[in-house]
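I opened this model to look up its fold, its cores, its disulfides and its charged pairs. My notes follow in the order I looked.

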Amino acid sequence: ILSVLGISSFRTALIKARDSTRKSDLATIAKSLEAYINDHRSYPNANSDGTIVCTPTACPWGSAFSDGNTLYTAKLPSDPSGFSYRYTKSGTGYILYARLENTQDPALIPDPGVTCGTAPCNYKIQSSNL
């Protein structure tokens, strides 16, 4: 009985740790996007699979985010367990999405109609001007 309780607690702790990483990753990406807009006066475009379009091609999650002259982040974070992050440019702003595993997290959002890999996204952050 004790081992079952211990395993369950350990699994919950791992889920919460991965979700914390996801939230931190999106905050890091957001800081990079704010640095980019300071230089270019607009956010970068998004391609159809939700990645940031660098100049002139997409910057996949896990690669550098650069405009060819300035390095905004050495490595765009990627999801820690197989889901994917999504970036959308919306007018003069952006939205970043992730899939959290903890179904009790108070930051969960209703299904936005965007998928994060194999499942609907359920967490987002957005630029302050949206």
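**Overall layout.** I began with the secondary structure, and the chain comes to one helix and seven strands. I read the order from the N terminus as α-β-β-β-β-β-β-β. The helix, α1, covers residues 2–40. I then took the extent of the chain. Along the principal axes, the C-alpha atoms fill a box of roughly 60 × 30 × 25 Å.

**Confidence.** This is a predicted model, and I checked pLDDT before going further. The chain average is 92. I found 94% of the residues scoring at least 70. By element, β6 has the highest mean, at 98. The lowest mean among the elements belongs to α1, at 89.

**Burial and surface.** I looked up how much of the chain is covered. Of its 130 residues, 35% are buried. The exposed surface comes to about 7,300 Å². Carbon and sulfur atoms supply 54% of that area. I also looked at the sequence range of the contacts. Taking contacts between residues at least 6 apart in sequence, 53% join residues at least 24 apart.

**Largest nonpolar core.** Which residues touch the most other members of the largest nonpolar core? I noted I29, L33, I52, F65, Y87 and L96. The core holds 21 residues. Both α1 and β6 supply at least two residues each. The biggest contribution is from α1, with six residues.

I found another core lying apart from the largest one. It has five residues, among them Y97, V114, C116 and C121. Two of those names came up again when I turned to the cysteines: C116 and C121 are bonded to each other.

**Disulfides.** How many disulfides does a search of the whole structure find? It finds two. With the bonded cysteines numbered in sequence order, the pairing reads 1-2, 3-4.

I took C54 and C59 first. Their S to S distance is 1.4 Å in the model. The angle about the S-S bond is -130°, and the link is left-handed. Both C54 and C59 are buried.

Next I took C116 and C121. Here the sulfur atoms sit 1.9 Å apart. Is this link left-handed or right-handed? The torsion about the S-S bond is about 110°, so the disulfide of C116 and C121 is right-handed. C116 and C121 are both buried.

**Salt bridges.** I searched the whole structure and got five salt bridges. Side chains of opposite charge can pair when their charged atoms come close.

E101 pairs with R18, with 2.6 Å between the closest N and O atoms. Where do the two residues sit? E101 is in the loop between β6 (93–98) and β7 (123–126), while R18 is in helix α1. They are 83 residues apart, and the pair links distant parts of the chain. I checked accessibility for both. E101 is at 24% relative accessibility, so it counts as partly exposed. R18 is partly exposed too, at 23%.

E101 also bridges to R22, at 3.0 Å from N to O. R22 has a relative accessible area of 0%, so I logged it as buried.

R22 has a partner inside the helix as well. It meets D19 in a salt bridge of 2.8 Å, N to O. Why are D19 and R22 about one helical turn apart? Because they lie three residues apart in helix α1. D19 is buried, like R22.

R18, D19, R22, D79 and E101 are linked in a network of salt bridges.

Conventions. Residues are numbered from 1 along each chain as its sequence is written. This is a predicted model: local features need pLDDT of at least 70, side-chain atom pairs count only at pLDDT 80 or more; totals for chains, interfaces and linings use all residues. Side-chain values use heavy atoms; hydrogens and water are left out. A salt bridge is a side-chain nitrogen of Lys or Arg within 4 Å of a carboxyl oxygen of Asp or Glu. Helices (H or I, at least four residues) and strands (E, at least two) are DSSP runs, numbered from the N terminus. Buried means under 20% relative accessible area, exposed over 50%, partly exposed in between (1.4 Å probe, protein chains only). A nonpolar core is a set of buried Ala, Val, Leu, Ile, Met, Phe, Trp, Tyr and Cys residues joined through side-chain atoms within 4.5 Å. pLDDT is the predictor's confidence in each residue, from 0 to 100. Contact means heavy atoms within 4.5 Å. Accessible areas come from the Shrake-Rupley method with a 1.4 Å probe; for residues, only the protein chains shown count as cover. A disulfide is a pair of cysteine sulfur atoms within 2.5 Å.
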